[in-house]
Each structure stands twice: as structure tokens, then as C-alpha cells.
Amino acid sequence: MTKIRAAITGIEAYLPEYILTNEELSRMVDTSDEWIMQRIGIKERRILKGKDLATSDMGAEATRRLLAKTGTKVDDIELIIVATVTPDMFFPSTACVIADKVGIKKAWGFDLSAACSGFIYALQTASQFIETGRYKKVLLVAGDKMSSVTNYTDRTTCPLFGDAAVALLLEPDTEDFGVIDHIFQIDGSGRHNLYIKAGCSYKPSSYETIDTGEHFLYQDGQTVFKIAVSKMADVAVEMMERHSITPDDLTWLVPHQANMRIIEATARRMGLSKEKVMINIERYGNTTAATIPLCLWDWEKELKKGDKLILAAFGGGFTWGSLYLKWAYNS
Ligand code: UT7
């Protein structure tokens with residue numbers, strides 16, 4: 001029997017208009033363009049400004065653009081999976097909010113929380129629905145409004161993050177293109193190295209948690225850096241070995257964009273030259289679930305049917321993984 005794989009058949013993004021530059025940041029906290037470029041590699045990031053605008057607004061706009069671009073009707077969407085750690089609210093899920101804003105009425109859906117690994121985990125999850133043969137059109141939205149959890153008085157975290165959302169259409173493919181394999185791992189012992197301390201069931205919001213800034217993202221940057229460098233490369237190299245992919249065979253590494261030094265170290269371990277690595281961290285910063293699909297969207301016109309891609313991510317949890325896919329279309 002022919003194997004059904006899940007292929008990405010369309011991609012669109014929403015980037016907020018407001019650009020927060022290193023120059024502006026260095027007027028807000030004690031930092032500099034030089035330090036941020038040397039240690040992280042980010043020049044600017046997008047910030048969603050405007051009252052009552054949330055992750056769902058970015059995701060809904062990306063979805064509208066995707067449906068228009070691919071000629072897909074709202075009623076054709078059967079399932080919506082939203083990868084985010086900055087949902088509009090605890091519940092209902094951002095999938096419900098996006099469905100309502102876009103007018104999708106014949107689907108079910110849910111949110112998936114895996115921080116910076118959110119996109120690859122959601123892509124694998126969505127794929128499995130398609131591989132059963134039952135689902136024909138799955139909408140995947142990966143987005144985060146990181147500015148809503150970033151402390152703009154903390155110079156160790158505020159240069160890192162930006163806001164964005166990307167929407168992708170997944171459809172069945174029987175020609176051996178699409179999602180081929182994944183290697184995923186979590187290690188909850190890292191949960192205190194990158195997290196938001198308060199505002200949930202463990203420590204509900206109170207005047208005290210607000211006063212101490214515990215509703216903002218906290219990161220022990222050095223610890224996360226050390227583990228990210230080794231784990232992201234481990235699973236990317238393992239994926240190459242498992243499928244006998246040489247550096248020449250691989251068309252692209254699509255890495256999570258958290259730090260230029262982590263990306264370079266991963267590429268080095270894989271034996272790849274920089275020309276084979278998608279990098280746009282300089283323009284958007286770390287948009288958490290959106291970084292990898294933002295790369296795919298940026299490079300969409302260059303991607304060719306049959307291109308071999310390894311996607312790799314590491315993030316809060318800890319969560320990490322690599323995913324191997326063969327691109328399914330020429331644009
Ligand atoms: O996406 C999820 C996963 N996250 C990651 O992968 C992020 C991993 N971590 C990192 O990328 C890096 O650890 C950071 C970019 C967050 C920090 O870079 P670092 O090279 O690890 O810096 P550090 O924390 O060791 O700090 C070095 C120095 C310190 O000063 P002292 O103590 O040596 O005097 C910091 O206070 O740099 C100082 N520093 C800054 N200086 C200017 C920290 N932030 C800044 C800043 N501007 N923004």
C-alpha cells in the first residue's frame with residue numbers, strides 16, 4: 001500500500017509592523033548593539049503594539065493570508081493545531097479563538113505547548129492525523145507574542161525575543177514527499193532554567209507575583225546555552241546518520257533561531273557550510289514557536305520539490321528534537 005505522508009503545501013506569515021531595534025533597546029536598558037550582535041546575533045525584532053491585540057490576531061491574519069494564497073475554503077479545514085506558549089488566555093484555546101476570528105466552523109482543534117520546540121512537535125502531531133488517511137487539510141499555526149511575557153527592564157532577556165505567527169497547510173502526499181521522521185526528547189529537570197514562575201496553578205497571580213516580576217519569562221541563559229548547543233546538534237547529527245544523509249545530500253538545515261552561536265555550532269557538528277543554513281535571527285530575534293516556519297516562509301521561493309530539510313529546535317522544558325522532511329512543491 002502507498003504510504004501517506006503529510007506535506008506542507010502552503011505557508012504564510014504575519015509580522016507586526018513595529019520594529020524594535022538594538023538602538024532603541026540600548027536606551028531602555030544598559031546594553032549595546034555591539035554586545036547583542038556579538039553574543040546573540042540579533043539586530044531587530046518585531047513587536048505587536050495595540051490594545052487588545054494577542055497571539056490569535058497574528059495567527060488569524062497569517063491564516064487568512066494562507067487560505068487566500070492556497071485557494072482553500074474555511075469549510076475545508078478539518079483540524080487546527082496552534083503551537084504557542086503565549087496563548088491569548090488559559091482557556092479557551094487559541095485554536096478556538098483563531099477559528100472564530102477566521103470563520104472556520106467545521107474543524108476541531110487544540111493548542112500545543114512545547115516552547116521553542118512547539119513548531120516541530122506540532123508538525124509531527126499534525127502529520128500523524130494525515131498519515132491515518134482520515135484528514136485531508138490540517139491548519140497548523142505557530143505563533144508567539146513574546147513581548148507579552150518579556151521584562152523590558154531586564155537586559156539579560158529583553159534583547160532576545162520578538163513577536164510573529166506563521167500559518168501552514170498540511171495535506172496528504174503519496175509521492176514520498178513531506179514529513180519523513182522525527183527524533184524528539186523532553187527533560188523536565190530543566191524546567192527551572194527557562195520558565196514563567198507565576199500566573200498559573202502552581203503560583204496564581206497576586207500583588208506579590210506582580211511586584212516581584214514573576215509573571216515575566218525567566219532564563220538562566222548560560223545553562224540553557226550549554227545544553228542547547230549539545231542537544232540540538234546531537235539530534236540533528238543522529239537524524240543524518242539514521243537516514244545516511246551526508247552534508248552534500250542535505251539541502252537545508254532549518255534551526256530554531258535563539259542564538260547565532262548555537263546555530264553555528266549545530267551546523268559545524270553536522271559538517272555544513274553556512275550557505276546551507278537558514279538564518280534570519282538578525283531581523284526577527286527569537287519568536288519561539290514561529291522561528292522555524294518563519295525561515296521556511298522567508299526561503300519559500302528558493303525551496304524546490306524534493307529538497308531535503310532537517311529542522312532542529314531546543315527550548316524551555318527542556319524540549320528538543322529534529323525532524324526530517326522532503327519539501328513537496330515549487331513555488
Ligand atoms: O529559545 C530557547 C532557548 N534559549 C536559548 O537557547 C538561549 C540560550 N542562552 C543564550 O543565548 C545566552 O546565554 C544569552 C544570549 C542569553 C546570554 O549570553 P552569554 O554569553 O551567556 O552571557 P552571560 O549571561 O554569560 O553574561 C555575560 C556578561 C554578564 O556580565 P558580567 O557578569 O560578566 O559582568 C552579563 O551581565 O554579559 C552581561 N550581559 C549583558 N551586557 C550587555 C547580559 N546581558 C547583557 C546585555 N547587554 N543585553
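These are my notebook entries on one predicted model.

**Entry 1: the two domains**

I began with how the chain is divided. I found domain 1 at residues 5-175 and domain 2 at residues 180-326. I then looked up the spacing of their centres, taken over C-alpha atoms, and got 15 Å.

Next I asked how many residues meet across the boundary. In domain 1, 46 residues are in contact with 45 residues of domain 2. I noted the buried area between the two domains as about 3,700 Å². Carbon and sulfur atoms give 65% of that area. Which residues of domain 1 lose the most area to domain 2? I wrote down Cys116, Ile120 and Tyr121. Together they account for 17% of what the domain 1 side buries.

**Entry 2**

I looked for salt bridges between domain 1 and domain 2 and found a count of two. I also looked up a salt bridge from Glu175 to Lys305. The closest N and O atoms of that pair are 3.7 Å apart. I noted the polar contacts as well: 17 residue pairs across the interface of the two domains.

Helix 5 gives the most, with six residues.

**Entry 2: around the ligand**

I then looked up some distances. An N or O atom in the side chain of Arg39 is 2.8 Å from an oxygen atom of the ligand. For Arg261, an N or O atom of the side chain is 3.1 Å from a ligand oxygen. Trp35 faces a nitrogen atom of the ligand instead: a polar atom of its side chain lies 3.4 Å from that nitrogen.

I reminded myself of the background first. Most peptide bonds are trans, and most residues other than glycine have a negative phi.

Where did I find cis bonds? One runs from Phe91 to Pro92, with omega near 0 degrees. Pro92 sits in the loop between strand 4 (79-83) and helix 4 (94-102). Another joins Gly317 and Phe318, and its omega is about -5 degrees. I placed Phe318 in the loop between strand 12 (308-315) and strand 13 (319-326).

I checked phi at Asp52 next. The value is positive, about 65 degrees, although Asp52 is not a glycine. Asp52 lies in the loop between strand 3 and helix 3 (55-70).

**Entry 3: Lys276**

My last stop was Lys276. I found Lys276 in the loop between helix 8 (260-270) and helix 9 (281-284). Which residues does Lys276 touch, leaving out those up to four places away in sequence? I listed Pro247, Asp248, Leu250, Thr251, Trp252 and Leu253. The side chain of Lys276 reaches the backbone oxygen of Pro247 at 3.0 Å.

Lys276 and Leu303 are 27 residues apart along the chain, and 12 Å separate their C-alpha atoms.

Methods. Residues are numbered from 1 along each chain as its sequence is written. This is a predicted model: local features need pLDDT of at least 70, side-chain atom pairs count only at pLDDT 80 or more; totals for chains, interfaces and linings use all residues. Side-chain values use heavy atoms; hydrogens and water are left out. Domain bounds come from an automatic or database domain assignment. Contact means heavy atoms within 4.5 Å. Buried area is the accessible area (1.4 Å probe) that two parts lose on being put together, summed over both. A salt bridge is a side-chain nitrogen of Lys or Arg within 4 Å of a carboxyl oxygen of Asp or Glu. A polar contact is a pair of N or O atoms within 3.5 Å; within protein, one must be able to donate a hydrogen and the other to accept it, and residues adjacent in sequence count only if both atoms are side-chain atoms. Helices (H or I, at least four residues) and strands (E, at least two) are DSSP runs, numbered from the N terminus.
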